[in-house]
Amino acid sequence: METKFTKGEWKLLANTANQKIYVINQRHCLLAHCYAHVKETGNHPLTLEEAEANAKLIAAAPDLLEAVYILLGDIEKAPLKYTRDDKIKIARQAIKKATE
């Protein structure tokens, strides 16, 4: 899979003291940060739980994209490279990373 985004695993680094959750790569470079608004600013504040869920989704983006490429590639090509069980496992792992 050819990518233009940062390669490697993306993961969360939480700092609950300042209500921020960071998305970093394997070299600990910052890719994104999500934070909760602790004061009402006129717009709708995010809770720490929402900020963490957003960060998890961002961190799982490469895995989710890879799962879609695998599923789509197997649909378009023959012979199939992945078994049905392989595809289910890959998709479930990506979803788990995005939601748990």
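Colleague: Is W10 buried or exposed?

Modeller: W10 counts as buried, at 11% relative accessibility. Buried means under 20% relative accessible area, exposed over 50%, and partly exposed in between (1.4 Å probe, protein chains only). This is a predicted model, where local features need pLDDT of at least 70, side-chain atom pairs count only at pLDDT 80 or more, and totals for chains, interfaces and linings use all residues. Residues are numbered from 1 along each chain as its sequence is written, and side-chain values use heavy atoms, with hydrogens and water left out.

Colleague: How many aromatic pairs does the structure hold?

Modeller: Rings of Phe, Tyr and Trp (its six-membered ring) pair if their centres lie within 6.5 Å; planes under 30 degrees apart count as stacked, over 60 as edge-to-face and the rest as tilted. The structure holds 1 such pair. It is edge-to-face, because the ring centres of F5 and W10 are 5.9 Å apart and the planes stand at 85°. F5 is partly exposed, with a relative accessible area of 29%, whereas W10 is buried.

Colleague: Which pattern does the chain follow along the sequence?

Modeller: Helices (H or I, at least four residues) and strands (E, at least two) are DSSP runs, numbered from the N terminus. Here the pattern reads β-β-β-α-α, with 2 helices and 3 strands in the chain. Of its 100 residues, 22% count as buried.

Colleague: What is the order of the strands in the sheet?

Modeller: Two strands pair if DSSP finds at least two bridges between them. The sheet is open and has 3 strands in the order β1-β2-β3, with antiparallel pairing. β1 (11-15) and β3 (30-35) each have a single partner strand and stand at the edges, so one side of each lacks a neighbour in the sheet. On average, neighbouring strands are turned by 25° against each other, direction ignored; axes are lines fitted to C-alpha atoms, for helices over the stretch in contact, and angles run from 0 to 180 degrees between N-to-C directions.

Colleague: Which residues stand opposite each other?

Modeller: Take β2 (residues 20-24), which 5 bridges join to β1. On that side, L12 has V23 as its bridge partner, and A14 stands opposite I21. Towards β3 there are also 5 bridges, again antiparallel. There V23 is partnered by A32, and I21 stands opposite C34.

Colleague: Why is β2 called largely enclosed by the rest of the structure?

Modeller: In a regular strand the side chains alternate between the two faces of the sheet. For β2, 4 of the 5 residues are buried, so the strand is largely enclosed by the rest of the structure.

Colleague: How many residues lie between β2 and β3 in their hairpin?

Modeller: There are 5 residues between the two strands. N25 sits in this loop and is buried at 2% relative accessibility. Its side chain reaches the backbone nitrogen of R27 at 3.0 Å. A polar contact is a pair of N or O atoms within 3.5 Å; within protein, one must be able to donate a hydrogen and the other to accept it, and residues adjacent in sequence count only if both atoms are side-chain atoms. N25 and A59 are 34 residues apart in sequence, with their C-alpha atoms 8.8 Å apart in space.

Colleague: What is the phi of H28?

Modeller: H28 has a positive phi of about 65°, although it is not a glycine. H28 lies in the loop between β2 and β3 and is exposed, with a relative accessible area of 57%.

Colleague: Which residues of α2 are buried?

Modeller: K87, A94 and A98 are the buried ones. Seen down the axis of α2, the buried residues fall within an arc of 40°, so they line one face of the helix; the arc is that of the directions from the helix axis to the C-beta atoms. D85, K89, R92 and T99 are exposed on the other side.
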